[in-house]
Amino acid sequence: MATMKIKKGDMVRVIAGKSKDSEGKVIAVDHKNNKVTVEGVNMVTKHTKPSVANAQGGIIQKEAPIDASNVMYLHKGKPTRIGFKLEGDKKVRFAKSTGEVVDK
């Protein structure tokens with residue numbers, strides 16, 4: 001399986017699905033299932049039972065994972081594809097639109 005090009009903390013734009021054109025920060029990455037969870041995107045309603053942590057219970061809104069192919073990395077406010085290249089002996093990510101290195 002190919003390397004995941006999106007990492008936790010990246011700013012991304014959703015390019016397909018019900019949350020299309022929304023932007024947010026990646027809060028979780030699931031490499032095994034090729035899914036990402038984006039802050040404030042793909043919100044679902046979850047019914048919770050009362051527990052010690054949540055004594056009231058009730059209905060909560062939370063983010064659901066979306067497929068990594070449905071998001072694009074945002075570089076300087078514009079969506080771009082991500083590539084890998086060797087810089088010295090280190091493998092780094094770079095924005096294909098500008099050629100600039102994304103990882104510090």
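What you're looking at is a predicted model, where local features need pLDDT of at least 70, side-chain atom pairs count only at pLDDT 80 or more, and totals for chains, interfaces and linings use all residues. Residues are numbered from 1 along each chain as its sequence is written, and side-chain values use heavy atoms, with hydrogens and water left out.

Let's start with the strands (DSSP runs of E, at least two residues, numbered from the N terminus). Strand 1 (residues 11–14) pairs with strand 2 (residues 23–30) in the antiparallel sense, over three bridges; pairing takes at least two DSSP bridges between the strands. Arg13, for one, has Glu23 in strand 2 as its bridge partner. Strand 2 also pairs with strand 3, again antiparallel, over four bridges, and Val26 stands opposite Val38 there.

Now zoom in on Thr37, which sits in strand 3 (residues 35–38). Thr37 counts as buried because its relative accessible area is 14%, and the cut-off for buried is under 20% (1.4 Å probe, protein chains only). Leaving out residues up to four places away in sequence, Thr37 touches Lys25, Val26, Ile27, Ala28, Glu63, Ala64 and Pro65, where contact means heavy atoms within 4.5 Å.

Finally, strand 7 (residues 71–75) gives the most to the lining of the largest pocket, with three residues.

Technical notes: Buried < 20%, exposed > 50% of the residue type's maximum accessible area, 1.4 Å probe, protein only.
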